[in-house]
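User: I'm new to reading structures. Can we go through this one in short steps?

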Amino acid sequence: MSAPQMEPLAAGEPCLVVDQLVKTFDHHTVLNGITLAIEQHQVLTLIGPSGSGKSTLLRCVNLLEKPDAGSITFQGECVTTDGVDVNRVRRRMGMVFQSWNLFGHLNILDNVTLGARKAHKMPRDEAESKAMTLLSRVGLADKATEWPDRISGGQAQRVAICRALITDPELLLLDEVTSALDPELVGEVLGVIRELAEDGMTMMLATHEMGFARDVSDQVAFLHDGKVLEQTTPDVIFTEPTHERTRQFLGRLIEARRI
Ligand code: ADP
Ligand code: MG
């Protein structure tokens, strides 16, 4: 047999590879060698106790925090080296936070388009046409000229998802996007995320909604003390986790009737 050929770079390459990531705040090591990968069109869910580093990891991936060591490779490009154009990378990654932070003095349409127009120089026509398509997709086309304080939290979070999608990102990062919502509004936001997953959007999300995580994820990573203790399929992690820590965490959620 001939020697194996080098794979062409793009073929089968993961969307995101996080390798030995370390982040320390004031002598407190929050990420302690995180290693994980997300394949194209897959959903990776981060679970783990409060303070285990989920938000910090998502913020490092979005280049909102600078890691102290390790690397992040996005679509084959190392984005943690000095001199990387942060705006260029962020245009290809969308992020949605727990609190949607819409601008109260701008209507819904302008809230969706502002970042793309200012940070990414997207022409207004193009931005508005994309925004309307996205708002229609999440069932909010009729709210385009409405003000943020006139819509519900669930609607505002769907607007924030549109804002994150307007640059056609190749990766969407979602940090506890339903945690600030009244229980009856959670479903409408999870429904939008589920549809995005079905449409093939690559996503990395942190959530406490374990039923949803089990349902929507291709892979689940359990974080504890700044490390990924295990990354596997939802079926395995929710039925036969390898680590005692994972078992304890899920056990406590079952006791609290969160699963
Ligand atoms: P999770 O999202 O899993 O709850 P976080 O990533 O928010 O965890 O936080 C992990 C730890 O890092 C916590 O102890 C938190 O207090 C600390 N931390 C996060 N951001 C900062 C910061 N900017 N400065 C200092 N400590 C921080
Ligand atoms: Mg968090």
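**Loop, ligand and helices**

User: Where is Lys66 found?

Analyst: Lys66 sits in the loop between helix 1 and strand 4 (69-74). Helices here are DSSP runs of H or I with at least four residues, strands are E runs of at least two, and both are numbered from the N terminus.

User: What should I know about the model itself?

Analyst: It is a predicted model, where local features need pLDDT of at least 70, side-chain atom pairs count only at pLDDT 80 or more, and totals for chains, interfaces and linings use all residues. Residues are numbered from 1 along each chain as its sequence is written, chains are lettered from A and ligands numbered from 1 in the order written, and side-chain values use heavy atoms, with hydrogens and water left out.

User: Back to Lys66. Buried or exposed?

Analyst: Lys66 counts as exposed because its relative accessible area is 55%. Buried means under 20%, exposed means over 50%, and partly exposed is in between, using a 1.4 Å probe and protein chains only.

User: Which residues does Lys66 touch?

Analyst: Lys23 and Asp82, not counting residues up to four places away in sequence. Contact means heavy atoms within 4.5 Å.

User: How many residues apart are Lys66 and Pro14?

Analyst: They are 52 residues apart in sequence. In space, C-alpha to C-alpha, the separation is 22 Å.

User: New topic. What surrounds ligand 1?

Analyst: Phe25, His28, Val30 and Pro49 are in the group, along with Ser50, Gly51, Ser52, Gly53, Lys54, Ser55 and Thr56. A residue is near a molecule if one of its heavy atoms lies within 4 Å of it.

User: Where is Thr56?

Analyst: Thr56 is in helix 1. Thr56 is buried because its relative accessibility is 12%. Leaving out residues up to four places away in sequence, Thr56 touches Lys23, Phe25, Val30 and Leu31.

User: How many residues of helix 1 are buried?

Analyst: Six of the eight in helix 1 (residues 54-61). They are Lys54, Thr56, Leu57, Leu58, Cys60 and Val61.

User: What comes just after helix 1?

Analyst: Leu63 takes a positive phi there, about 65°. Most residues other than glycine have a negative phi.

User: Which phi does His27 have?

Analyst: A positive one of about 70°, although His27 is not a glycine. His27 lies in the loop between strand 1 (16-25) and strand 2 (28-38). His27 is exposed because its relative accessible area is 82%.

User: And where is Lys121?

Analyst: Lys121 is in the loop between helix 3 and helix 4 (124-137). Its phi is positive too, about 55°. With 64% relative accessibility, Lys121 counts as exposed.

User: How do helix 3 and helix 5 cross?

Analyst: The axes of helix 3 (residues 108-118) and helix 5 (residues 153-165) come within 8 Å and cross at roughly 30°. Axes are lines fitted to C-alpha atoms over the stretch in contact, and angles run from 0 to 180 degrees between N-to-C directions.

User: Which residues meet there?

Analyst: Ile108, Asn111 and Val112 of helix 3 meet Val159, Cys162 and Arg163 of helix 5. Of the residues in this contact, four are nonpolar, one is polar and one is charged. Ala, Val, Leu, Ile, Met, Phe, Trp, Tyr, Cys and Pro count as nonpolar, Asp, Glu, Lys and Arg as charged, and the others, Gly among them, as polar.

User: Why does Thr113 count as buried?

Analyst: Because its relative accessibility is 0%. Thr113 lies in helix 3. Beyond neighbours within four places in sequence, Thr113 is in contact with Ala127, Glu128, Ala131 and Ile166.

User: Last one. Which side chain joins that of Asp168?

Analyst: Lys130, through a polar contact of 2.5 Å. Asp168 lies in the loop between helix 5 and strand 7 (171-175).

Terms used:
A polar contact is a pair of N or O atoms within 3.5 Å; within protein, one must be able to donate a hydrogen and the other to accept it, and residues adjacent in sequence count only if both atoms are side-chain atoms.
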